[in-house]
Amino acid sequence: NLQGADKTQLEESLQRLQLINGKKDPVSYNRFCLQFIDLLLQVYEIFRGDMAGVRKPLSEKEKNVQKIVSYIERHYVEDLHLDRLEQDLHLDKHYMSNIFKEVTGTTIFSYLYQRRVNQSRIIFLLDSSQTVTEVCFRVGFKHVSHFCRIFKKLVGMTPETYRKTMNNMGKGS
């Protein structure tokens, strides 16, 4: 979770990438590559301290939470529910819920919704011509109204407003 200046810096870099991405000339392509490299260096700088430290071995709880996160990353667009996670991961659903909250500070479904919304933001950023409904189903939500409510809660604007904003950025407005 990024905060403050680091978050602002990375968001500005992503916006610059978006602005450059729509242009098809060789200079813009090279600018895009340079901006992308700069973004990678920013990420490296932010997390360099975390990577340098010696990491103690993961506890059993942390290993299980990693299994849950990895599973969600592979299946977030599918219909996920605790019974399915219990069956596929061979962990009790109550145990999973408790350790996930304890280790991450959030619930499994809050994490899942955040993952889906983040993916929808990427889709809108890369292809703002996609409709809210198309993106909603593409990222794993079953109902547009639920997607819109969660998106607005997490992003602070409706998916349609966000899509239009990305569309305007792509046009250089």
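Before placing any residue in a helix, I note that helices here are DSSP runs of H or I of at least four residues, numbered from the N terminus. With that in hand, I placed His146 in helix H8, which covers residues 144-155. The model is a predicted one, and I read everything below with that in mind.

**Entry 1: the chain as a whole**

I counted the elements of the protein chain and found nine helices and zero strands, so written because every element of the pattern α-α-α-α-α-α-α-α-α is a DSSP helix. I then took the extent of the C-alpha atoms along the principal axes, and they fill a box of roughly 55 × 45 × 25 Å. Of the 173 residues in the protein chain, 29% are buried. I also looked at how far apart in sequence the contacting residues are: among contacts between residues at least 6 apart, 54% join residues at least 24 apart.

**Entry 2: helix H4 and its buried face**

Which residues of H4 are buried? In this helix, which runs over residues 82-89, I found Arg84, Leu85 and Leu89 to be buried. Looking down the axis of H4, I saw these buried residues fall within an arc of 105°, so they line one face of the helix. Their packing partners are helix H3 (60-75), helix H5 (93-104) and helix H6 (108-126).

Leaving aside neighbours within four places in sequence, I listed its contacts as Tyr71, His75, Glu78 and Asp79.

For Leu89, again not counting residues up to four places away in sequence, the list reads Lys67, Ile68, Tyr71 and Met96.

I next took the pair H4 and H5, whose axes are 9 Å apart and which pack at an angle of about 100°. That makes H4 roughly perpendicular to H5. On the H4 side the contact uses Leu82, Asp83, Leu85, Glu86 and Leu89, and these meet Lys93, Met96 and Ser97 in H5. Sorted by class, the contact of H4 with H5 holds four nonpolar, one polar and three charged residues.

His90 is found in the loop between H4 and H5, and at 68% relative accessibility it counts as exposed.

**Entry 3: the nonpolar cores**

I turned to the largest nonpolar core, which has 14 residues, and noted those with the most contacts inside it: Ile68, Ile72, Leu80, Leu85, Leu89, Met96 and Ile108. The elements that give two or more residues to this core are H3, H4, H5 and H6, and its largest share, four residues, comes from H3. A second, separate core of 13 residues includes Phe124, Val135, Cys136 and Phe141. As background, nonpolar side chains tend to be buried together in soluble globular proteins.

How do H6 and H8 cross? Their axes come within 10 Å and cross at roughly 90°, and the two helices are therefore roughly perpendicular to each other. From H6 I listed Tyr113, Gln114, Val117, Ser120, Arg121 and Phe124, and from H8 His146, Phe147, Ile150, Phe151, Leu154 and Val155. By class, this contact of H6 with H8 divides into eight nonpolar, three polar and one charged.

Returning to His146, I found it in contact with Tyr113 and Phe141, leaving aside neighbours within four places in sequence. The C-alpha atoms of His146 and Cys136, ten residues apart along the chain, are separated by 9.2 Å.

**Entry 4: Glu73**

Last, I looked up Glu73, which lies in helix H3 and counts as partly exposed at 31% relative accessibility. Beyond its neighbours within four places in sequence, Glu73 is in contact with Tyr111 and Arg115. Glu73 and Arg115 are 42 residues apart in sequence, and their C-alpha atoms are 8.0 Å apart in space.

Definitions and conventions
Residues are numbered from 1 along each chain as its sequence is written. This is a predicted model: local features need pLDDT of at least 70, side-chain atom pairs count only at pLDDT 80 or more; totals for chains, interfaces and linings use all residues. Side-chain values use heavy atoms; hydrogens and water are left out. Buried means under 20% relative accessible area, exposed over 50%, partly exposed in between (1.4 Å probe, protein chains only). The arc is that of the directions from the helix axis to the C-beta atoms. Contact means heavy atoms within 4.5 Å. Axes are lines fitted to C-alpha atoms, for helices over the stretch in contact, and angles run from 0 to 180 degrees between N-to-C directions. Angles under 35 degrees count as roughly parallel, over 145 as roughly antiparallel, 65 to 115 as roughly perpendicular and the rest as oblique. Ala, Val, Leu, Ile, Met, Phe, Trp, Tyr, Cys and Pro count as nonpolar, Asp, Glu, Lys and Arg as charged, and the others, Gly among them, as polar. A nonpolar core is a set of buried Ala, Val, Leu, Ile, Met, Phe, Trp, Tyr and Cys residues joined through side-chain atoms within 4.5 Å.
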